[in-house]
Amino acid sequence: MKNIHSIRKDYIKGEMRMQDLSSSPAKQLSDWLETALRENIPDANAFCLSTVSSEGFPKGRMVLVKEINSDSLVFYTNKNSNKGEDLRGRSKAGATFFWAEMERQVCVIGDVSEVSEEDNNVYFNTRPRESQLGAWVSEQSSYLDSRDHLSQSYEKVKARFEGVEKVERPPHWGGYRITFVRVEFWQGRASRLHDRVVYTKSAEGEWKKRMLQP
Ligand SMILES: Cc1cc2nc3c(=O)[nH]c(=O)nc-3n(C[C@H](O)[C@H](O)[C@H](O)COP(=O)(O)O)c2cc1C
């Protein structure tokens with residue numbers, strides 16, 4: 001392996017001035033995501049979802065953002081998974097986006113709520129049939145004895161829905177909404193003097209922007 005301690009990189013792709021940022025963190029996040037999508041950055045809509053287990057261990061894993069609203073974002077998953085279990089115990093989460101090609105990071109923390117059954121159905125119905133069947137097959141985060149077991153389960157589910165036009169949504173599959181409490185934008189700059197701006201809400205419910213030291 002290359003000597004990782006000797007890797008050096010200067011961040012020079014852009015600058016972020018507080019006055020150029022939107023008054024809404026959701027709008028600003030959408031703008032950055034839109035730029036990343038336009039630049040064809042792979043998995044531009046992926047973010048690291050952080051949750052805390054009942055034992056107090058934080059865990060991050062990647063998921064895909066499927067919606068950004070005025071003050072929140074939405075992702076979908078199996079609610080019986082480890083992350084689902086963590087969120088049942090503590091309805092708070094972190095969402096960290098990183099677009100290396102743009103030298104940008106966004107760190108969100110927020111309160112988590114479940115997306116309505118109705119909205120879950122609407123989104124589930126837009127998914128490709130294979131993904132819909134997969135949602136029935138995988139007991140996400142449980143131990144798997146063999147890959148064959150998964151293939152057999154998939155064949156069983158496929159047979160069950162053979163000839164059925166619309167695959168119904170499994171009850172354990174759905175979305176979570178993270179409502180923003182604090183959102184931090186980071187743009188890499190030269191000499192490690194990066195630009196950082198954090199949005200927090202005032203007592204009146206207005207978003208306030210402040211710069212942070214790099
Ligand atoms: C780029 C990328 C996108 C992913 N998107 C999702 C997603 O939207 N929903 C999901 O449940 N898992 C997604 N995964 C898989 C998760 O990272 C994770 O392995 C899975 O959800 C189980 O996590 P858990 O056991 O901590 O609950 C994605 C993985 C990668 C690498």
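Student: Which residues of H4 meet H5?
Tutor: Leu133, Trp136 and Val137 do. Across from them in H5 are Leu150, Ser153, Tyr154, Val157 and Lys158. Keep in mind that this is a predicted model.

Student: How do those contact residues divide by class?
Tutor: The contact of H4 with H5 has six nonpolar residues, one polar and one charged.

Student: And at what angle do the two axes cross?
Tutor: At roughly 120°. The axes of H4 (residues 129–137) and H5 (residues 147–160) come within 9 Å.

Student: Is that crossing left-handed or right-handed?
Tutor: The crossing of H4 and H5 is right-handed.

Student: Switching to the ligand. Which residues come nearest?
Tutor: Thr77, Ser81, Asn82, Lys83 and Ser141. They belong to a set of 16 residues around the ligand.

Student: Which element gives the most to that shell?
Tutor: E2, with five residues. Strand E2 covers 58–68. Strand E3 (72–78) and helix H2 (82–89) also supply at least two residues each.

Student: Now the largest nonpolar core. Which members touch the most others?
Tutor: Ala93, Ala95 and Ile178. The core holds 23 residues. Elements giving two or more residues to this core are helix H1 (25–38) and strands E1 (46–52), E3, E4 (92–99), E5 (104–114) and E6 (173–187).

Student: What does isoleucine 178 touch?
Tutor: Leave out residues up to four places away in sequence. Then isoleucine 178 touches Ser72, Leu73, Ala93, Ala95, Val108, Gly110 and Val112.

Student: What is in the second core?
Tutor: That separate core has six residues, including Phe124, Leu133, Ala135 and Trp136. Leu133 and Trp136 also take part in the meeting of H4 with H5.

Student: Where is tryptophan 99?
Tutor: In strand E4.

Student: Buried or exposed?
Tutor: Tryptophan 99 is buried, because 21 other C-beta atoms lie within 10 Å. The cut-off for buried is 20 or more.

Student: Which residues is tryptophan 99 in contact with?
Tutor: Ala36, Ile41, Ala44 and Arg104, leaving aside neighbours within four places in sequence.

Student: How far apart in space are tryptophan 99 and phenylalanine 47?
Tutor: 9.6 Å, C-alpha to C-alpha. In sequence they are 52 residues apart.

Student: Next, the loop between H1 and E1. What is the phi of asparagine 40, which lies there?
Tutor: Phi of asparagine 40 is positive, about 55°, although the residue is not a glycine.

Student: Is asparagine 40 buried or exposed?
Tutor: Exposed, because asparagine 40 has 8 C-beta neighbours inside 10 Å. The exposed class takes 12 or fewer.

Student: And what about the phi of aspartate 43?
Tutor: Phi is near 50° for aspartate 43, again a positive value in a residue other than glycine. Aspartate 43 is also found in the loop between H1 and E1. It counts as exposed, because 10 other C-beta atoms lie within 10 Å.

Student: Zooming out, how many helices and strands does the protein chain have?
Tutor: Five helices and eight strands. Along the sequence the pattern reads α-β-β-β-α-β-β-α-α-α-β-β-β.

Student: What share of the protein chain is buried?
Tutor: 22% of the 214 residues.

Student: What share of the contacts is between residues 24 or more positions apart?
Tutor: 61% of the contacts with a separation of 6 or more.

Notes: Residues are numbered from 1 along each chain as its sequence is written. This is a predicted model: local features need pLDDT of at least 70, side-chain atom pairs count only at pLDDT 80 or more; totals for chains, interfaces and linings use all residues. A residue is near a molecule or strand if its C-beta atom, placed from the backbone, lies within 6 Å of it. Helices (H or I, at least four residues) and strands (E, at least two) are DSSP runs, numbered from the N terminus. A nonpolar core is a set of buried Ala, Val, Leu, Ile, Met, Phe, Trp, Tyr and Cys residues joined through C-beta atoms within 7 Å. Two residues are in contact if their C-beta atoms, placed from the backbone, lie within 7 Å. Axes are lines fitted to C-alpha atoms, for helices over the stretch in contact, and angles run from 0 to 180 degrees between N-to-C directions. A crossing is left-handed if the near helix is turned anticlockwise from the far one by less than a right angle, and right-handed if clockwise. Ala, Val, Leu, Ile, Met, Phe, Trp, Tyr, Cys and Pro count as nonpolar, Asp, Glu, Lys and Arg as charged, and the others, Gly among them, as polar.
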